[in-house]
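Before this model is taken further, I would like to set out a few remarks on its fold, its dimensions and one residue of interest. Please read them alongside the coordinates.

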Amino acid sequence: MFNIDPTLELISRGLDACTLRQSVYSANVANVNTPGYRPREVEFDAQLRAAARAVSGEPLDQQTAVLESVQPSVVPSAAPSVEVDQQLALMSQNAIRYDTLLNAYEKSMGLLRLAIQQGKNG
């Protein structure tokens, strides 16, 4: 995604992770009665924290390049079986996170639109 601001790249990566999480939680619930099925989870937050530490104080283009390399991935969960209640709670938590990120993206884009309009008028 083309971004002039690392914040937009960060929000975009977070939205990607939320989308993947929702799919993983749905698959876990769908396979609750499948013999031998081990639940899965999305690994993303630790990578994101490491990337944030790595870009601290770097120029904007370098920050965006590092953030673009951070990708959510599906890994086996440490849990031995699917706990439906836990998966549903995680889905709810993830939906709230997604809505929050979407609102942040919309507000950031609104600020950019305002800056563009002010530049045209001004």
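The points below go from the whole chain to a single side chain.

1. It should be kept in mind throughout that this is a predicted model. Its secondary structure consists of four helices and two strands, and these elements follow one another along the sequence in the order α-β-α-α-β-α.

2. Along the principal axes, the C-alpha atoms occupy a box of roughly 65 × 30 × 15 Å.

3. Burial and surface can be read together: 28% of the 122 residues count as buried, while the chain exposes about 7,800 Å², of which carbon and sulfur atoms supply 56%.

4. Where contacts between residues at least 6 apart in sequence are considered, 80% of them join residues that are at least 24 apart.

5. With regard to charge, the chain carries 10 positive and 13 negative side chains, and the centres of these two sets lie 2 Å apart.

6. Is Arg13 buried or exposed? This residue belongs to helix α1, which spans residues 6-30, and Arg13 counts as buried because its relative accessibility is 10%, the cut-off for burial being under 20%. Once its neighbours within four places in sequence are set aside, Arg13 is in contact with Phe44, Leu67, Glu68, Val70 and Gln71.

Note on methods: Residues numbered from 1 in each chain as written. Predicted model: local features only at pLDDT ≥ 70, side-chain atom pairs only at ≥ 80, totals over all residues. Heavy atoms only, no water. Buried < 20%, exposed > 50% of the residue type's maximum accessible area, 1.4 Å probe, protein only. Contact = heavy atoms within 4.5 Å. Areas by Shrake-Rupley, 256 points an atom, 1.4 Å probe, with all protein chains shown as cover. Lys, Arg positive; Asp, Glu negative; His and termini not counted. Charge placed at Lys NZ, Arg CZ, Asp CG, Glu CD.
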